[in-house]
Amino acid sequence: MVVQRDLDSIARGEEAHLTADEAQVIDVGVNVGHTLVKLKAIDRDREYIGFEPNAHCLRYTQQLISVNRFTRCTLVPIGISNRTGIMKLFMNPDADPSATIVEGFREPDRYARAVPVPVFVGDDVLDTLGIGQVAVVKIDVEGGELDVIEGLRRTLRQHAPYVFCEVLPVWDEHSEMGRFRLERQTALQTVLTELGYFIFRIHFY
């Protein structure tokens, strides 16, 4: 889905915060750099800050940056959340795109291992990094989007960036896992509404 605060600005085509040279793109859930490559294909000089707690994914993406000679890229080896601490990253292969820090988001036997990773409150991290204007926030964290949004409340309120966020389906709302997912999705919608965002669903054909 994509969320945006100011519908009038979309209607008028006023997207100055996207065209400003200093506006930065935040990528929460880098994995192996798909969003990075797409961004640099569109705007090679745009500042990119990516967060990824999986060390295997970080190594691959750093090589990707070097081989393609991408500039203005920062990779941060942490997860973004609404808390600071050490959490378990549930995963199978080294660069598992379905890896998650949300216990209960999938069946217990889905993952073969749990790796301890650091997570930090998003607003605090951006402050520490000295991040200025934020144009876009992309979130792909396999069920952890509620925690990410809660941890970025101040940033979203201050900069009103576009937010592109993967939200996986509930499937069966009568199952325990389905109820868990639905509860988190409802809470996510509530937080975004409180922040003044409008939610749109993106269909891919």
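Colleague: What makes E8 and E9 a strand pair?

Modeller: The two strands of this predicted model are joined by four bridges, in the parallel sense. Two strands pair if DSSP finds at least two bridges between them, so the label applies.

Colleague: Which residue does Ile26 face in E3?

Modeller: Its bridge partner there is Ile49. E2 and E3 (residues 48-51) are paired in the parallel sense too, over four bridges. With helix H3 (residues 34-42), E2 and E3 make a β-α-β unit.

Colleague: Why is that unit called right-handed?

Modeller: The term applies if, with the strands pointing away from the viewer, the path from the first strand over the helix to the second runs clockwise. The unit made of E2, H3 and E3 is assigned that hand.

Colleague: Why is E2 described as largely enclosed?

Modeller: Because five of its five residues are buried, E2 is largely enclosed by the rest of the structure. Both faces are covered: Gln24, Ile26 and Val28 lie on one side, Val25 and Asp27 on the other. For E8 the count is six buried residues of six, so that strand is largely enclosed as well.

Colleague: How do you know that Thr155 is buried?

Modeller: Its relative accessibility is 8%. Buried means under 20%, so Thr155 qualifies. Thr155 lies in helix H7 and, leaving out residues up to four places away in sequence, touches Asp123, Leu126, Val134, Ala160 and Pro161.

Colleague: Is Ala160 buried or exposed?

Modeller: Buried, because its 17% relative accessibility is under the 20% cut-off.

Colleague: Which way does the phi of Trp171 go, positive or negative?

Modeller: Positive, near 70 degrees, and Trp171 is not a glycine either. Trp171 is found in the loop between E9 and helix H8 (176-194).

Colleague: Why is Trp171 called exposed?

Modeller: The relative accessible area of Trp171 is 73%. Exposed means over 50%, so the label holds.

Colleague: What makes Arg179 only partly exposed?

Modeller: Arg179 has a relative accessible area of 44%, which falls between the 20% and 50% limits, so it is partly exposed. Arg179 lies in helix H8. Apart from residues up to four places away in sequence, it touches Asp172, Glu173 and His174.

Colleague: How many aromatic pairs does the whole structure hold?

Modeller: A search finds one. The pair is formed by Phe90 and Tyr111, with 6.4 Å from centre to centre and 40 degrees between the planes. It links distant parts of the chain: Phe90 is in strand E6 (residues 85-91), and Tyr111 is 21 residues away in the loop between E6 and strand E7 (113-121). Both Phe90 and Tyr111 are buried.

Colleague: Where does the charged end of Arg110 sit?

Modeller: Over the ring of Tyr111, 5.8 Å from its centre. The distance cut-off is 6 Å, so 5.8 Å passes. The charged end of Arg181 sits over the ring of Phe105, 3.9 Å from its centre.

Colleague: What is the confidence of the model?

Modeller: The chain has an average pLDDT of 91, and 90% of the residues score at least 70. Over residues 9-17 pLDDT stays under 50. Where pLDDT is low, the predicted coordinates should not be read in detail.

Notes: Residues are numbered from 1 along each chain as its sequence is written. This is a predicted model: local features need pLDDT of at least 70, side-chain atom pairs count only at pLDDT 80 or more; totals for chains, interfaces and linings use all residues. Side-chain values use heavy atoms; hydrogens and water are left out. Buried means under 20% relative accessible area, exposed over 50%, partly exposed in between (1.4 Å probe, protein chains only). Rings of Phe, Tyr and Trp (its six-membered ring) pair if their centres lie within 6.5 Å; planes under 30 degrees apart count as stacked, over 60 as edge-to-face and the rest as tilted. A charge sits over a ring if NZ of Lys or CZ of Arg is within 6 Å of the ring centre and within 35 degrees of the ring normal. Contact means heavy atoms within 4.5 Å. pLDDT is the predictor's confidence in each residue, from 0 to 100.
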